[in-house]
Amino acid sequence: MVKRLVLLRHAKSSWATPGMADHDRPLNKRGRTSAKAIGNWLKTLEIVPDVILCSDAVRTVETHARLGIEGELRLRRDLYLAEADAILEIMQQAEGACAMIIGHNPGIGEFARRIVANPPPHGRFEDFPTAATLIVDMPADDWKAGHFGTSRVVNFITPGELTGPEKD
């Protein structure tokens, strides 16, 4: 049995409002475009998560909304700026055959690097830029059995590959 996991770093956020709390920052124009492009890409791959575990920060919630994909959304305060080990514990609570986690760097990028047995041959995998998306298959019957270093990369993409380079 295999569990499918989709990891997504939130799309590009805005720094336009001085003094705004980090948790409250929305997406900027580029981020809105990127999130929609990633959502369309996931739809072409027929990726439909059973559950979406999403940080409760404004930028992650907005990223999810702009993806336009189905799945039960569960906002998680503990995913806000979570480290890789915490993300693993959260993933182990997932349900269904396919789960998505929407989070923040550096934690989501470190989690992505640690969850795979072999990294994809992609120049941007190591820095896991905004809206980077990793799809892996985990050899497990139950999410609780998922561990670092065991997953096989199915696909990895950055929004620039879908939309081309943009300016904020």
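**View 1. Strand β2, helix α2 and strand β3 form a right-handed β-α-β unit.** Right-handed means that, with the strands pointing away from the viewer, the path from the first strand over the helix to the second runs clockwise. The model is predicted: local features need pLDDT of at least 70, side-chain atom pairs count only at pLDDT 80 or more, and totals for chains, interfaces and linings use all residues. Residues are numbered from 1 along each chain as its sequence is written, and side-chain values use heavy atoms, with hydrogens and water left out. Helices (H or I, at least four residues) and strands (E, at least two) are DSSP runs, numbered from the N terminus. β2 spans residues 51-55 and runs parallel to β3, residues 72-76. The two are joined by 5 bridges; strands pair if DSSP finds at least two bridges between them. S55 has R76 of β3 as its bridge partner.

**View 2. Helix α2 has a set of buried residues.** They are R59, T60, E62, T63, H64 and L67. Buried means under 20% relative accessible area, exposed over 50%, and partly exposed in between (1.4 Å probe, protein chains only). The cover over these residues includes β1 (3-9), α1 (29-44), β2, β3 and β4 (98-103). Just after α2, G68 adopts a positive phi of about 70°.

**View 3. R59 sits in helix α2.** Its relative accessible area is 3%, so R59 is buried. Contact means heavy atoms within 4.5 Å. Neighbours within four places in sequence aside, R59 is in contact with H10, S13, D22, H23, R25, P26, L27, Y80, L81 and H104.

View 4. A disulfide is a pair of cysteine sulfur atoms within 2.5 Å. A search of the whole structure finds 0 disulfides. C54 is in none, and its nearest cysteine sulfur, that of C98, is 15 Å away. C54 is buried, at 0% relative accessibility. C98 is buried too, at 9%.

**View 5. Helices α3 and α4 cross.** α3 covers residues 84-91 and α4 residues 107-115. Their axes come within 8 Å and cross at roughly 70°. Axes are lines fitted to C-alpha atoms, for helices over the stretch in contact, and angles run from 0 to 180 degrees between N-to-C directions. The two helices are therefore roughly perpendicular. Angles under 35 degrees count as roughly parallel, over 145 as roughly antiparallel, 65 to 115 as roughly perpendicular and the rest as oblique. A84, D85, I87, L88 and M91 of α3 meet G107, I108, E110, F111, R114 and I115 of α4.
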